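Good morning, and thank you for making time for this presentation. Please keep the sequence and the structure in view while I speak.

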Amino acid sequence: MALVSKLPSSSSSSSLTQFRKPLIPTLKPANSIHFTKTSCSASPFTEKHSVERYQRDKWVFKNQLDQTPPENHTNFSTRDYEIALQLPELKKLLQVLREKREKGGDGESEKGRPGNVFLVGTGPGDPELLTLKALKVIQSADLLLYDRLVSNDVLEMVRPDARLLYVGKTAGYHSRTQEEIHELLLSFAEVGANVVRLKGGDPLVFGRGGEEMDFLQQQGIQVKVIPGITAASGIAAELGVPLTHRGVANSVRFLTGHSRKGGADPLFVAENAADPDSTLVIYMGLSTLPSLILKLIHHGLPPDTPAAAIERGTTPQQRIVMAELKDLGDKIASEQLVSPTLIFIGRVVALSPLWPQSCCSQEGSHIMEHV
């Protein structure tokens, strides 16, 4: 039995039940949500504390949007509080879809048939990089589960009567565990809904799409993957950086800066990645970049290798830092780049028309806003 039906007996049940009634009578209004100020304008993505996200998901919060959780309670969990508010509406939607299926839906041939799950890549952020096939699927969905790095502009393309549910993850905060996401997809597919799983970039590049596909297929649910432009390709094109180039880079490697268990130094591949004839693209690598740079140089990559870091690539809030490899970590720190930031390391970076303006100058670096 899938998550929406069984959640009260799941591992989260004890913490969920305690939030059915507020533990503390005085709660902060929703407009008191704290926004962290950064050195540039607001993020185009669906951040954890985003008024836009809460308004978009208000169907699962109903009239409780004027309340936020009691932060000073010792057993407080933002995630459990949100799930407690969402659960009744998710169950109601599930029941509506189940009744529709039992009545035969739009045709008797559809009666009892499981729905489809679509894993859809939305690209690096620019809504114009969305594929036509992805747009068609998004606009036909009953329920869409979306991640943090799906841009708000893409979500505006969802039809008004579709249901959106945030299942994003940030460092230190997972609105849903991966297992719960699996069960949500299964629950709604089993009652015949067309469910779309929206992911930034491409769903099968560091998006855990393979895990979701494998789980659902084992349960007999058909999964269709709609590829998206992965951040490496989309942002490289924005910079004018060829990921491979004859005589400069004969291969490209995509690396993740996150280990599965959240370790601080997961980049054990540095010894084999220190290849001057290859292009390295680091996803989710801000926190581990200093360690990676030291390892790459130690294993033979020249310290003056061109490199670039791009925050919020392809969006109007894009910021770019270019520097030689030995200086990149310091330049990123001084400019206070934040996630999502993609990192390119390799001689191809110098082929960008932006490189002559950058760290090759006597100033040592340059930060470029989106134009």
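Let me begin with a definition: patches are made of residues with over 30% relative accessible area and no salt bridge, where like charges are joined within 9 Å and nonpolar side chains (Val, Leu, Ile, Met, Phe, Trp, Tyr) within 5 Å. A salt bridge is a side-chain nitrogen of Lys or Arg within 4 Å of a carboxyl oxygen of Asp or Glu. Accessible areas come from the Shrake-Rupley method with a 1.4 Å probe, and for residues only the protein chains shown count as cover.

This is a predicted model, in which local features need pLDDT of at least 70 and side-chain atom pairs count only at pLDDT 80 or more, while totals for chains, interfaces and linings use all residues. Residues are numbered from 1 along each chain as its sequence is written, and side-chain values use heavy atoms, with hydrogens and water left out.

Which residues form the nonpolar patch on the surface? They are Phe206, Val252, Phe254 and Met284, with about 310 Å² of accessible area together. Phe206 lies in the loop between strand E6 (195-199) and helix H9 (209-218). Its relative accessible area is 38%, so Phe206 is partly exposed; buried means under 20%, exposed over 50%, and partly exposed in between (1.4 Å probe, protein chains only).

I turn to the chain as a whole. It has 13 helices and 13 strands, taken as DSSP runs numbered from the N terminus (helices H or I, at least four residues; strands E, at least two). Of its 371 residues, 49% are buried. The chain exposes about 17,900 Å², of which carbon and sulfur atoms supply 51%.

Next, helix H8. Its 13 residues, 178-190, reach 18 Å from the first C-alpha to the last, close to the 18 Å expected at 1.5 Å a residue; the expected span is 1.5 Å times one less than the number of residues. H8 is mostly covered, with 11 of its 13 residues buried, among them His182 and Phe188. Just after H8, Gly192 takes a positive phi of about 90 degrees.

Finally, confidence. The mean pLDDT, the predictor's confidence in each residue from 0 to 100, is 81 for the chain, and 75% of the residues score at least 70.
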